[in-house]
Amino acid sequence: MKFAPVALAALAVSLAAPAHAQEAAQAMDETQPAAEQYPMTPEGAAQWVAMVEKDLFDYSVDASRVYWVNATYITDDTDALAAQVGAEGTEKSVEYALEAAKYAQIDGLGPDVARKLDILRNGLVLPAPTTPGAATELNEIATSLNSQYGKGKGTLNGQEISGSDIEAEMGNLEHTPEEFAEMWESWHDNVGAPMKGEYARMVEIANEGATELGFDNVGAMWRSGYDMSPEEFTAMTDRLWEETKPLYQALHTYVRWKLNEKYGDAVQPADGPIRADLLGNMWAQEWGNIYPLVAPEGSGDLGYDIGELLEAQGKKPLDMVKTGEGFYSSLGFEALPQTFWDRSLFTKPADREVVCHASAWDVDNVDDIRIKMCIKVNADDFVTIHHELGHNYYQRAYNEQPYLYLNGANDGFHEAIGDFVALSITPEYLVQINLLQRDQVPGADKDIGLLLRQAMDKVAFLPFGLLVDKWRWGVFDGSITPDTYNQAWVDLKREYQGITPPVKRPADAFDPGAKYHIPGNTPYMRYFLARILQFQFYQAACEQAGWTGPLHRCSFYGNKEVGQNLNAMLEMGASKPWPEALEAFTGTREMSAKPMLEYFAPLKDWLDEQNEGKPTGW
Ligand SMILES: [Zn+2]
């Protein structure tokens, strides 16, 4: 799934946090002080980094096994083991980040050593300062916020309803606007508001930690992981948003009109911002759930359903995975190892609790790659399999790299690979794998429906993907204070998304807390980057395959040249600045939204026609 495999990208770095921290430290003390063993010289730094890489490599393999067992066999015992491994890992990360910050100041470091020290220094999402008690307090707050979110409840018709149920109900078009508003308001009030004080304290502590590591604040630290200055990174993301804004605005105009048509002026006025609870999603971040409300007449229905096609051929979950593997094999990638088939979790076991959220794993950092899914025979899971396998092939491609480079070129790349491959599940591809008959391929008249369905998720997401961290960057740099936390969030949502809350927000509201990634402290800009990058990868592949038709219809299935070029990027891992990786596959060093715009160009023309004479903007 799109947001599930967060764990994946974080694997190399956050699992970088070790288990045997204490053992290692003790062993060192007994022989000689670290400073003597690894002196503050370029040579000493290189040796220290080598020691750390070895330690983290070993730790990550042990930790992955524990996490795997926990995720595929949830019991009190495996929960306890996972918590223990996690705590040990955090301890190691902190220790190594602080040491790395010292070594980073040595003159004359080799480029690889310097790069690896930066990765270590940056390897924590929330750095604790060395002040006695600070790490414990920070950890307690982070755990508390996470668990408050997990236990969060809203209401529907006065009845309590869990987080996962309320998420699903927000996408259920049978509810009335009053019910949507009730769910939205109760969720934001119950979950967000109580977190505000703890969140503010957490920001304070983590900022002190970031300062100790040599960063201005936590936000600047997060922006330092992109091979450019924090200021350059902000400018790049702003530029990408400016490029895509006209497309988003056209979609916003069209959807607002359709909502006005359905609900009337009293619920959704014909101009101004869109009411946040009417878009099929608690955060209005993806709008695919309300596609039936906006589907173009006559072309809304594609004429086939992948799930039904699979059923008709008697395909089972394992066959779907084989088909996904076949896509990569057709590009020239080596078949998946036997251990993948032996050790993956493909379907929900009948006799125990598992985490069904789809994810991709690399347990031994070499080729013990696996997926964990509860596959159902339907279109969504068919797409998700292609996506998850993208992570696995990326992991295996860079497995010759040193430990600290076992990662995507930046944190947007890993998600973008899976999504880019998933974009290739076009009707043409379905014909090539004998799932669809040539005469069942929908005509060009269906293209608008297909593109609009994609845009409701992928285009609608862009401003949200951007503003979550714009808000946090402001919080961490002090331009947004606890007094203005909520107003700033509401303002950003209005400015970028053109969205407004369905009800007036009380003075003590903390709406950001009602979005998982805020209490969960997961940086968000990676998702924005991935949305843009996947279309760059897709366009590059289609060009290399000699595709001349409209971009959204392209399939590069079976093209070995594309596979070779793709592999050239994947095998680099995080060893080089990301522009070099991007160049290896696409020939350009710049991120650009132009391929995304080209993909959606026919839709943009169609939206402009529909929108003629209608109010636009908010
Ligand atoms: Zn993913």
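## Exercises on a predicted model

Asn157 belongs to the loop that joins strand 1 (153–156) to strand 2 (159–162), helices (H or I, at least four residues) and strands (E, at least two) being DSSP runs numbered from the N terminus. The model is predicted, so local features need pLDDT of at least 70 and side-chain atom pairs count only at pLDDT 80 or more, while totals for chains, interfaces and linings use all residues. Residues are numbered from 1 along each chain as its sequence is written, and side-chain values use heavy atoms, with hydrogens and water left out.

**Exercise 1.** Identify the protein donors of the zinc ion and their spacing along the chain.

*Solution.* Step 1: donors are N, O and S atoms within 2.8 Å of the metal (3.2 Å for Na, K and Ca); water is not among the atoms, so sites may look incomplete. Step 2: His387 (NE2), His391 (NE2) and Glu415 (OE) lie 2.1 to 2.3 Å from the zinc ion. Step 3: the spacing of these donors is H-x3-H-x23-E. Step 4: helix 17 (residues 379–397) holds both His387 and His391, 4 residues apart, about one turn of the helix. Both histidines are buried.

**Exercise 2.** Check the span of helix 22 and describe its packing.

*Solution.* Step 1: the expected span is 1.5 Å times one less than the number of residues. Step 2: the 13 residues of helix 22 should therefore span 18 Å, and the end C-alpha atoms are 18 Å apart, in agreement. Step 3: buried residues of helix 22 include Trp489, Leu492 and Tyr496. Step 4: the buried residues of this helix pack against helix 10 (196–212), helix 12 (230–263), helix 21 (461–477) and strand 6 (499–500), contact meaning heavy atoms within 4.5 Å. Step 5: just after helix 22, Gly498 takes a positive phi of about 70°.

**Exercise 3.** Is Gln268 buried or exposed?

*Solution.* Step 1: Gln268 lies in the loop between helix 12 and strand 3 (274–275). Step 2: its relative accessible area is 0%, so Gln268 is buried. Step 3: beyond residues up to four places away in sequence, Gln268 touches Arg256, Leu259, Asn260, Pro273, Ile274, Arg275 and Leu278.

Notes: Buried means under 20% relative accessible area, exposed over 50%, partly exposed in between (1.4 Å probe, protein chains only).
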